[in-house]
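Trainee: Could you walk me through this model, feature by feature? I would like to learn how to read each one.

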Amino acid sequence: MRFELLKILVVEDNRHMRVLLAEILRAIGISQIYEACDGAEGLQMMRSHPVDIVLTDLAMEPLDGIDFVRLLRNAADSPNQLVPVIMITGHFTMARIREARDAGVNEFLAKPITARGVIERVHQIIDHARPFVRTDDYFGPDRRRRNDPRYDGPRRRAGDGPQARLVQI
């Protein structure tokens, strides 16, 4: 993998965590790293710098990670609706994870972070990219993580009807 070609945006309100993430990314060969201290600054940064992957914290003020991802995926003036997003959080409740997933997050990374965890999530996004889905109430990566070839039953959710469509990237 040619990490040196990637452009990464780190959106994190804690300066020490931003520095740690940037150092991990530099250690694996990524040199084009942009930093923002909240979701609003992250959107502005993306308007002036094209990025390949976003790493964002969940809990930030004034615009948290989930609202940032919702705007990124759904706003008419979004700088890049299809950019892969890794959500970093120390607040692992199932309700917040579902909320982030439903906003359009691709992958999750639990705090405390490790270099191995960061590398695994970046590999996951690149090597196993999920197609994007657009329905009446969702736009983002397909939330199903695996396709069971043995499953021969009815469609698994109402959104699988003719109005659901995959967006090729």
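**Reading the fold**

Mentor: Gladly! The protein chain has five helices and eight strands; helices (H or I, at least four residues) and strands (E, at least two) are DSSP runs, numbered from the N terminus. This is a predicted model, in which local features need pLDDT of at least 70 and side-chain atom pairs count only at pLDDT 80 or more, while totals for chains, interfaces and linings use all residues. Residues are numbered from 1 along each chain as its sequence is written, and side-chain values use heavy atoms, with hydrogens and water left out.

Trainee: Which pattern does the protein chain follow along the sequence?

Mentor: The pattern is β-α-β-α-β-α-β-α-β-α-β-β-β.

Trainee: How many of the contacts link residues 24 or more positions apart?

Mentor: Contact means heavy atoms within 4.5 Å. In the protein chain, among contacts with a separation of 6 or more, 62% are between residues 24 or more positions apart.

Trainee: And what share of the residues is buried?

Mentor: Buried means under 20% relative accessible area, exposed over 50%, and partly exposed in between (1.4 Å probe, protein chains only). Here 44% of the 169 residues are buried.

Trainee: How should I read a helix pair?

Mentor: Two packed helices are described by the angle between their axes and the distance between the axes. The axes are lines fitted to C-alpha atoms, for helices over the stretch in contact, with angles from 0 to 180 degrees between N-to-C directions. Take helix H3 (residues 65–74) and helix H4 (residues 94–103): their axes come within 8 Å and cross at roughly 20°.

Trainee: Why are H3 and H4 called roughly parallel?

Mentor: Angles under 35 degrees count as roughly parallel, over 145 as roughly antiparallel, 65 to 115 as roughly perpendicular and the rest as oblique. H3 and H4 cross at roughly 20°, so they are roughly parallel to each other. Their crossing is left-handed; that is the term if the near helix is turned anticlockwise from the far one by less than a right angle, and right-handed is the term if clockwise.

Trainee: Which residues of H3 and H4 meet?

Mentor: From H3 there are Ile-66, Val-69, Arg-70 and Arg-73, which meet Arg-96, Glu-99, Ala-100 and Ala-103 of H4. This contact holds four nonpolar, no polar and four charged residues. Ala, Val, Leu, Ile, Met, Phe, Trp, Tyr, Cys and Pro count as nonpolar, Asp, Glu, Lys and Arg as charged, and the others, Gly among them, as polar.

Trainee: What about H2 and H3: at what angle do they cross?

Mentor: Helix H2 (residues 39–48) and H3 cross at roughly 30°, with axes that come within 9 Å. This crossing is right-handed. Gly-39, Gly-42, Leu-43 and Met-46 in H2 meet Phe-68, Leu-71 and Leu-72 in H3. By class, that contact has five nonpolar, two polar and no charged residues.

Trainee: Is Val-11 buried or exposed?

Mentor: Val-11, in strand E1 (residues 7–11), is buried, because its relative accessible area is 0%. Leaving out residues up to four places away in sequence, Val-11 touches residues including Gly-39, Gly-42 and Phe-68.
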